[in-house]
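Take a look at the model below. Then follow the text through it, step by step.

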Amino acid sequence: MQAWQVHENGEPSEVMRLTETGRPVPGDGQVLLRVRAANVNFPDALLCRGQYQVRPPLPFTPGVEICGETEDGRRVLATPALPYGGFAEYALADAAALLPAPEALDDAEAAALHIGYQTGWFGLHRRARLEAGETLLVHAAAGGVGSAAVQLGKAAGATVIGVVGGAEKAAVARELGCDLVVDRRAEDVIATVKEATGGRGADVIYDPVGGEAYAQSAKLVAFEGRIVVVGFASGTIPTPALNHALVKNYAVLGLHWGLYNTKNPKLVQHCHEQLTELAARGAIKPLVSERVPLAGAAAAVQKVADGRSTGRIAVTTEVAA
């Protein structure tokens, strides 16, 4: 089979190599899946760079989120068991963690429903307890993680403010349904949001960026507001001033979705059922901005790493011989 492999850490476009290799052999509790579509995530870039919290042995195949097919023909969602990731014709996954692919979504859309939407659902509903009528601010609203949070926020009845970088991404955020879009490259984020909210700020702030975005969040969070920290795409991990959280009476909530797979897997299943229902009635639909063949995976991961993508890029595969 064909598979992208990383033999040394570095930038994705430099260290990912498409090779011909044997199909991986499932271990105890694992299944072999034919990859129908693999979604590109920012962690794929971090894996290539050796900067992710999980460091698989070299060589490894990146690709942490797929829509695959079991030997008996079932279409499923899975997070592949590294080092046999999803940018290949076949991948391995834990049998107990497989989720049925929603019928309302095609392979690429289904692949994109998993990590980003699960993270959004847990962040907004489990951690921040977002309520209808509240104001939600989403950083990087046109990206893969942000676009999921925007759709989930709208589905929950919130007023959604999307912060983006650039006119193209601003247009995408508007199409996603944001009630207000702020282009951080052309506008003063803090002044614009404060004016739009009558000085109150946002009840919930969803931050996959860190760095300057978090500094803005601390100034824009409302009384009894909640800042949900889900990642650091900027490369800068903020150091919050806890005296500021005390004085303004807000909460900083961390979210590591992967922990739920071991700490409370039944909740992951419940979340998937909720997402499947939302997808069935059209309340959410993953934004797949590009569909590329397996040969284009390295360039796609680099594009996401560089922050040049909107929504999700899906890598699709042909049936392997």
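What follows covers a pocket, a helix pair, a salt bridge and some backbone details.

This is a predicted model: local features need pLDDT of at least 70, side-chain atom pairs count only at pLDDT 80 or more, and totals for chains, interfaces and linings use all residues. Residues are numbered from 1 along each chain as its sequence is written, and side-chain values use heavy atoms, with hydrogens and water left out.

Start with the second largest pocket. Its volume is about 170 Å³. A pocket here is an open set of points on a 1 Å grid over the protein atoms alone, where a 1.4 Å probe fits, with protein on both sides within 12 Å along at least five of seven lines. The volume is the space filled by probe spheres set on the points, which are joined across faces, edges and corners. Lining residues have an atom within 4 Å of a point. Among them are Thr79, Asp94, His114 and Asn261. Six lining residues are nonpolar, four polar and one charged. In these classes, Ala, Val, Leu, Ile, Met, Phe, Trp, Tyr, Cys and Pro are nonpolar, Asp, Glu, Lys and Arg are charged, and the others, Gly among them, are polar.

Which helix gives the most to this lining? Helix H11 (residues 265-280) does, with three residues. Helices (H or I, at least four residues) and strands (E, at least two) are DSSP runs, numbered from the N terminus.

H11 also packs against helix H4 (residues 115-127), at an angle of about 100 degrees and with the axes 10 Å apart. Axes are lines fitted to C-alpha atoms over the stretch in contact, and angles run from 0 to 180 degrees between N-to-C directions. H4 and H11 are therefore roughly perpendicular, a label for angles of 65 to 115 degrees. The contact (heavy atoms within 4.5 Å) includes Trp121 and Phe122 of H4 and Val268 and Leu275 of H11.

Now turn to charge. The whole structure has 13 salt bridges, each a side-chain nitrogen of Lys or Arg within 4 Å of a carboxyl oxygen of Asp or Glu. One joins Arg49 and Glu11, with the closest N and O atoms 2.8 Å apart. Arg49 sits in helix H2 and Glu11 in the loop between strand E1 and helix H1, 38 residues apart.

Last, the backbone. A cis peptide bond joins Leu58 and Pro59, with omega about -10 degrees. The bond from Leu82 to Pro83 is cis too, with omega near 20 degrees. Ala140 is not a glycine, yet has a positive phi of about 55 degrees.

Terms used. Angles under 35 degrees count as roughly parallel, over 145 as roughly antiparallel, 65 to 115 as roughly perpendicular and the rest as oblique.
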